Amino acid sequence: MNQNFTVRKLARCAVVAALYVVLCMALQPFSYGAVQVRVAEALCLLPVFGAEYIVGVVLGCFLANLLGSTIVDVTLATLLACVVTYKLRNVRFKGLAIVPSLPPVLFNAVIIGIEIAVMFPDPSSSAPLWLACITNGISVGIGELISCTVLGVLLVKIVETNTSLRKVFLEA
């Protein structure tokens, strides 16, 4: 096992995955479908605090989709979003993690927007597929802006300014 991946980090991954699933299940009407504000997506900003959070968030997303969605998606959007968020972890705008909050918005808008248009076409619509991809992407993107750029940035700020929370999230 990688020596940098301590038992504490593994436990944090498990807690993050469980928290993601619980938030999705508890807020199920808002967590699934073409129009959604998946509050658990705020956790996509946790890679700002370390690469180990990528595993917890992706696992949580996979399990939440397995348990609550009609299809099991590959969580590619979440994986890509968390990796890029981690890469942008030190970029701040006026002290806030706004820039790291944008990859989940963009990846989910594009990937999930296409997935919804292809997997769940609207039988009453005569719009072309590309238009359905764009409109679904906009809908998903708005939900992600609320979850990540509002709630996620707030989560990061709270952790960064609270000594006790910093110890929980950042201690090796």
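Residues are numbered from 1 along each chain as its sequence is written. Because the model is predicted, local features need pLDDT of at least 70 and side-chain atom pairs count only at pLDDT 80 or more, while totals for chains, interfaces and linings use all residues; side-chain values use heavy atoms, with hydrogens and water left out.

**Helix α1**

Helices here are DSSP runs (H or I, at least four residues), numbered from the N terminus.

The buried residues of α1 are Lys-9, Arg-12, Cys-13, Val-16, Ala-17, Tyr-20, Val-21 and Cys-24. Buried means under 20% relative accessible area, exposed over 50%, and partly exposed in between (1.4 Å probe, protein chains only). Seen down the axis of α1, the buried residues fall within an arc of 165°, so they line one face of the helix. The arc is that of the directions from the helix axis to the C-beta atoms. These buried residues pack against α2 (28-31), α3 (52-68) and α7 (163-170), where contact means heavy atoms within 4.5 Å. On the face turned away from the buried side, α1 carries the exposed residues Val-7, Val-15, Val-22 and Ala-26.

**Salt bridges**

A salt bridge is a side-chain nitrogen of Lys or Arg within 4 Å of a carboxyl oxygen of Asp or Glu.

| Pair | Closest N and O atoms |
|---|---|
| Arg-12 and Glu-52 | 3.0 Å |
| Arg-92 and Glu-160 | 2.3 Å |

Arg-12 in helix α1 and Glu-52 in helix α3 are 40 residues apart, so this pair links distant parts of the chain. Arg-12 is buried at 9% relative accessible area, and Glu-52 is buried at 8%.

Arg-92 lies in the loop between α4 (76-87) and α5 (98-119) and Glu-160 in helix α6, so the pair ties together parts that are 68 residues apart in sequence. Arg-92 is partly exposed at 29%, as is Glu-160 at 24%.

Ile-142 lies in helix α6 (residues 129-161) and is partly exposed, with a relative accessible area of 48%.

Terms used:
Helix = DSSP H or I, 4+ residues; strand = E, 2+ residues; numbered from the N terminus.
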